[in-house]
Amino acid sequence: MREFKEMTLETDRLSLVRIKGETHGEELNRVVCDTFESLEPWVPWAFKIPTVEDTINGLRLTTDNHNNYIFNIYLRENDHELIGNAKCVTIDKENCYELGYWLHQKHCGKGFTTECVQRLIKFARNELKASAAVMIINENNKASLRIADKTGFQFVRKILEDSYALRPEWKDRMNHYVQVLL
Ligand SMILES: CC(C)(COP(=O)(O)OP(=O)(O)OC[C@H]1O[C@@H](n2cnc3c(N)ncnc32)[C@H](O)[C@@H]1OP(=O)(O)O)[C@@H](O)C(=O)NCCC(=O)NCCS
């Protein structure tokens with residue numbers, strides 16, 4: 001297993017800081033709890049308000065594999081306020097990464113996530129040498145579908161929700177599987 005390498009990706013307005021559960025779980029938990037209601041309809045793990053330990057353990061499930069990248073999203077201005085989180089993680093398909101994101105609702109509608117995804121695509125292409133990036137987005141999540149569209153993703157197919165272990169009530173929900181070739 002390769003070593004965990006710290007890194008920060010910059011955009012005009014954002015700093016994306018790579019994290020592990022142990023290093024940033026507590027501050028991330030505060031933002032998750034503060035914006036929980038806006039995450040609950042769309043994010044599988046937001047089925048109950050998490051404790052700090054829940055957040056740290058949840059992050060560890062992903063970041064213990066050092067081929068996965070989770071980034072806290074900070075504003076470069078405003079004293080580096082933490083405003084959300086994004087992922088770029090390995091999936092079964094070779095040389096392909098899945099991207100994901102969420103933002104505190106008070107910072108939505110300002111193009112921050114679009115800016116973040118554009119930077120993640122560049123990172124996946126130039127540094128991970130990935131051949132493709134994919135996202136899985138609920139068919140009713142219009143804001144997220146719009147981000148996919150704006151950042152060059154193409155619709156590939158519809159797929160059934162597969163997180164019903166966490167969200168039994170989502171059993172029949174449909175998602176869009178979208179892809180951008182790098
Ligand atoms: C989805 C989310 C990340 C968007 O973040 P954001 O920073 O507001 O996104 P951006 O401002 O970069 O872009 C959003 C785009 O969607 C559009 N949009 C927002 N709500 C919309 C709606 N209900 N219908 C259609 N378009 C919508 C915005 O107008 C904007 O497009 P534009 O630039 O053409 O005007 C944020 O709302 C969020 O965290 N939601 C909860 C978690 C979530 O859904 N995560 C994604 C799971 S796949």
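User: Which residues of H3 are buried?
Analyst: This is a predicted model. In H3, the buried residues are Thr55, Ile56, Leu59 and Thr63. They cover an arc of only 95 degrees around the axis, so they sit on the same side of H3.

User: What covers the buried residues of H3?
Analyst: The cover includes helix H1 (21-34) and strand S3 (69-75).

User: And which exposed residues are on the face turned away?
Analyst: Glu53 and Leu61 are exposed there, on the face of H3 turned away from its buried side.

User: What span should H3 have?
Analyst: H3 has 12 residues, 52-63. At 1.5 Å a residue they should span 16 Å, and the end C-alpha atoms are 16 Å apart, which agrees.

User: Now H4. Which residues are buried there?
Analyst: Phe112, Thr113, Cys116, Val117, Leu120, Ile121, Phe123 and Ala124. Their arc around the axis is only 170 degrees, which puts them on the same side of H4.

User: Zooming out, how many helices and strands does the chain have?
Analyst: There are 5 helices and 8 strands. From the N terminus on, the order is β-β-α-α-α-β-β-β-α-β-α-β-β. The radius of gyration is 16 Å, close to the 16 Å from the globule rule for 182 residues, so the chain is as compact as a globular protein of that length.

User: What does the C-alpha trace span?
Analyst: About 40 × 35 × 35 Å along its principal axes.

User: And what share of the chain is buried?
Analyst: Buried residues make up 28% of the 182 residues.

Note on methods. Residues numbered from 1 in each chain as written. Predicted model: local features only at pLDDT ≥ 70, side-chain atom pairs only at ≥ 80, totals over all residues. Buried ≥ 20, exposed ≤ 12 C-beta atoms within 10 Å, placed from the backbone. Helix = DSSP H or I, 4+ residues; strand = E, 2+ residues; numbered from the N terminus. Arc of directions from axis to C-beta. Rg over C-alpha atoms; globule rule 2.2 N^0.38 Å. Expected span 1.5 Å × (residues − 1). Contact = placed C-beta atoms within 7 Å.
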